[in-house]
Each structure stands twice: as structure tokens, then as C-alpha cells.
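Here's a quick briefing on the chain shown below. Have a look at the sequence and the structure, then read on for the contacts, rings and charges.

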Amino acid sequence: MKILAISAALLAAAVPAAVDAQVVNRIGNTPQARILTGAIVAPGAEIFHLSGQLASPIDPSKPATTVEAFGDTKTQTVSIFNKIKGILAAQGYAMSDIFKMTVFVTAAPGMDGKMDFAGFNAGYGEFFGTAENPNKVARSTVQVAGLAGPNFLIEIEVTAARAKK
């Protein structure tokens, strides 16, 4: 009986470690897809909801009064993801902890009223599905009429999860 009790105790102790090992179950899509079909977060995980982020000016010493001051959609996307990376790191998270993303994109200059989806995807591809971060996320991308300021082409909000510390 003692051996059975010890085995059960060891098994029970191992279960939380297994849950911690996979905080997010990423439900795949087709191999070529840049996004997941969905994600399931393990019970008890710590979840961080990050508010929508906007790009920083390319050159902070110059007036940020035009779209050019923030760059095209790809440039703004990279700026936002670098900002998100810093915010996550300050809270002990990494880009690989992101499992959900909502992206709001406005019409890009010179694109006949359409968003620059290719520009966004190019910036996204620098941070997700890479050697450094092979993870993909469940994502929605929506074209909107406008954002908080007329100089912004994109706003990104993310949700990340990790094992509770």
C-alpha cells in the first residue's frame, strides 16, 4: 500500500508540471497559414491583456504631424511589435507568450482606400513563425475608418499567457 500511495503522490505532483509545460494549446491551421485556428489556455494560467498599441515616431526629435513621421504600415507594425515586446518583458512575458491578437488597420496612402495587409503581414512575419519565436497566434485583422490619431495606420492589441509564478 505504501508504494501505491507514494506512486499516486508522485503522479499528482507531476500533473501541475505537465500543465505548466503547455500553458497554451495552439490549434494549428494549414502549414502555410500565418495564424492559428484557435488557442486554448490551460486553467490557472496567468493571462495578460495588453491594450491596443500605436507606433512610435520614426524620429522622435521631429514633429509627429504626418503619416510619414510614423512610416508605412510595415514600419508602424514593426514599431508596435517592438513596443509590445518591451511592455511584455517588463511584466516577465515574451512575444512567444502571445496567443491572441486583434489588429486594426486603416487605409494606406496610395492604396485606393484599402489597408496594406501585405505590409502588416511582412512586419508580423518578423516576430511570429520565426526561428526566435516559432509560435503563431489566433488573430483577427480588421480594416477601420480611423484610429486615435490621423497619423496612425495600425493599432495592435494582444493577449499573452504563462504559467503562474
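Take the contacts in the chain between residues at least 6 apart in sequence: 73% of them join residues at least 24 apart. Keep in mind that this is a predicted model. The chain has 165 residues, and 37% of them count as buried.

**Overall layout**

- The chain holds three helices and six strands.
- Going along the sequence, you get the pattern α-β-β-β-α-β-α-β-β.
- The accessible surface of the chain is about 9,200 Å², and 61% of that belongs to carbon and sulfur atoms.

**Helix 2**

- Which residues of helix 2 are buried? They are Thr 73, Gln 76, Thr 77, Val 78, Ser 79, Ile 80, Phe 81, Ile 84 and Leu 88.
- What do these buried residues pack against? Their partners are strand 3, strand 4 (98–105), helix 3 and strand 6.
- After helix 2 comes Gly 92, with a positive phi near 85°.

**Aromatic pairs**

- The count of aromatic pairs comes to eight.
- One of them joins Phe 70 and Phe 152, a tilted pair with 4.8 Å from centre to centre and 55° between the planes.
- Phe 70 sits in the loop between strand 3 (46–53) and helix 2 (73–90), while Phe 152 sits in the loop between strand 5 (138–143) and strand 6 (154–162), so this pair ties together parts that are 82 residues apart in sequence.
- Are Phe 70 and Phe 152 buried or exposed? Phe 70 is buried, and Phe 152 is buried too.
- Phe 117 and Phe 120 make another tilted pair, at 6.4 Å centre to centre with 40° between the planes.
- Phe 117 and Phe 120 are three residues apart in helix 3 (residues 117–124), which puts about one helical turn between them.
- As background, an α-helix has 3.6 residues a turn, so residues three or four places apart point the same way.
- How do Phe 117 and Phe 120 compare in accessibility? Phe 117 counts as partly exposed at 36% relative accessibility, whereas Phe 120 counts as buried at 0%.
- Both belong to one aromatic cluster made up of Phe 81, Phe 117, Phe 120, Tyr 124, Phe 127 and Phe 128.
- Phe 81 from that cluster is also on the list of buried residues of helix 2.

**Charges over rings**

- Tyr 124, a member of the cluster, has the charged end of Arg 139 sitting over its ring, 4.5 Å from the centre.
- Arg 162 lies over the face of Tyr 93, at 4.1 Å from the ring centre.

**Salt bridges**

- How many salt bridges does the structure hold? There are four.
- Glu 46 lies in strand 3 and Arg 162 in strand 6, so the pair ties together parts that are 116 residues apart in sequence.
- Glu 46 is partly exposed, at a relative accessible area of 25%, but Arg 162 is buried, at 13%.
- Lys 62 and Asp 59 also form a salt bridge through their side chains, at 3.9 Å, N to O.
- Of these two, Lys 62 is exposed with a relative accessible area of 55%, and Asp 59 counts as partly exposed at 30%.
- Glu 126 pairs with Lys 74 in a salt bridge whose closest N and O atoms are 3.3 Å apart.
- Glu 126 belongs to the loop between helix 3 and strand 5 and Lys 74 to helix 2, so the pair ties together parts that are 52 residues apart in sequence.
- Glu 126 is partly exposed, with a relative accessible area of 42%, and Lys 74 also counts as partly exposed, at 33% relative accessibility.

How values were computed:
Residues are numbered from 1 along each chain as its sequence is written. This is a predicted model: local features need pLDDT of at least 70, side-chain atom pairs count only at pLDDT 80 or more; totals for chains, interfaces and linings use all residues. Side-chain values use heavy atoms; hydrogens and water are left out. Rings of Phe, Tyr and Trp (its six-membered ring) pair if their centres lie within 6.5 Å; planes under 30 degrees apart count as stacked, over 60 as edge-to-face and the rest as tilted. Helices (H or I, at least four residues) and strands (E, at least two) are DSSP runs, numbered from the N terminus. Buried means under 20% relative accessible area, exposed over 50%, partly exposed in between (1.4 Å probe, protein chains only). A charge sits over a ring if NZ of Lys or CZ of Arg is within 6 Å of the ring centre and within 35 degrees of the ring normal. Contact means heavy atoms within 4.5 Å. Accessible areas come from the Shrake-Rupley method with a 1.4 Å probe; for residues, only the protein chains shown count as cover.
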